[in-house]
Amino acid sequence: MSNYRKAKKRVEVSVGESVRILRELQEMSQNDLANASGIPQSTISAIENDRVRLGVDRAKVLARALRCHPAVLVFPGWDVEHESAA
């Protein structure tokens, strides 16, 4: 285990903000993401405003729709500096 570097937090971003940022970077509306993920737009809005927890299952579904790894959504702001976690 001594070969691994600890992850460092780079920026302060909430889980909801990470979903919104990734969605906007891909020029998707909340309705577009709702259609791509099957998650209601109202739930996406609540997640982005940190009123509803993302959860593992939703993270997987949204990550697939946003074409990213679920950890990007669940652990926003963390950087592993080019090290593999696997």
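Contact here means heavy atoms within 4.5 Å. Helices (H or I, at least four residues) and strands (E, at least two) are DSSP runs, numbered from the N terminus.

**Before starting**

This is a predicted model, in which local features need pLDDT of at least 70, side-chain atom pairs count only at pLDDT 80 or more, and totals for chains, interfaces and linings use all residues. Residues are numbered from 1 along each chain as its sequence is written, and side-chain values use heavy atoms, with hydrogens and water left out.

**Stop 1: the whole chain**

Show the chain as a cartoon. Its secondary structure comes to five helices and two strands, and from the N terminus on the order is β-α-α-α-α-α-β. Of the 86 residues, 30% count as buried; buried means under 20% relative accessible area, exposed over 50%, and partly exposed in between (1.4 Å probe, protein chains only). Among contacts between residues at least 6 apart in sequence, 60% join residues at least 24 apart.

Now colour by pLDDT, the predictor's confidence in each residue, from 0 to 100. The chain averages 84, and 77% of the residues score at least 70. Select residues 82-86: pLDDT stays under 50 there, and the model has four contacts beyond four places in sequence for this stretch. Where pLDDT is low, the predicted coordinates should not be read in detail.

**Stop 2: helices α2 and α3**

Select residues 30-37 for α2 and residues 41-48 for α3. Two packed helices are described by the angle between their axes and the distance between the axes. The axes of α2 and α3 come within 8 Å and cross at roughly 115 degrees. (Axes are lines fitted to C-alpha atoms, for helices over the stretch in contact, and angles run from 0 to 180 degrees between N-to-C directions.) The crossing is right-handed; a crossing is left-handed if the near helix is turned anticlockwise from the far one by less than a right angle, and right-handed if clockwise.

Which residues of α2 meet α3? Show side chains for Gln30, Asn31, Leu33, Ala34 and Ser37 in α2, which meet Gln41, Ile44, Ser45 and Glu48 in α3. By class, this contact has three nonpolar, five polar and one charged residues. (Ala, Val, Leu, Ile, Met, Phe, Trp, Tyr, Cys and Pro count as nonpolar, Asp, Glu, Lys and Arg as charged, and the others, Gly among them, as polar.)

**Stop 3: the salt bridges**

Glu48 forms a salt bridge with Arg23, the closest N and O atoms being 2.6 Å apart. A salt bridge is a side-chain nitrogen of Lys or Arg within 4 Å of a carboxyl oxygen of Asp or Glu. Glu48 lies in α3 and Arg23 in α1, so the pair ties together parts that are 25 residues apart in sequence. Are Glu48 and Arg23 buried or exposed? Both are buried, Arg23 with a relative accessible area of 8%.

Because Arg20 and Glu24 are four residues apart in helix α1 (residues 15-25), about one helical turn separates them. Arg20 counts as partly exposed at 29% relative accessibility, as does Glu24 at 42%. The structure holds three salt bridges.

**Stop 4: Leu54**

Select Leu54, found in the loop between α3 and α4 (56-66). Leu54 counts as buried, at 7% relative accessibility. What does Leu54 touch? Not counting residues up to four places away in sequence, Leu54 touches Val15, Ile47, Ala59, Leu62, Leu73 and Val74. The C-alpha atoms of Leu54 and Val15 are separated by 7.4 Å, with the two residues 39 apart along the chain.

**Stop 5: two positive phi angles**

Select Glu27, in the loop between α1 and α2. Glu27 is not a glycine, yet it has a positive phi of about 55 degrees. At 73% relative accessibility, Glu27 counts as exposed.

Finish at Arg67, in the loop between α4 and α5 (70-74). Arg67 has a positive phi of about 55 degrees and is not a glycine. Arg67 counts as exposed, at 67% relative accessibility.
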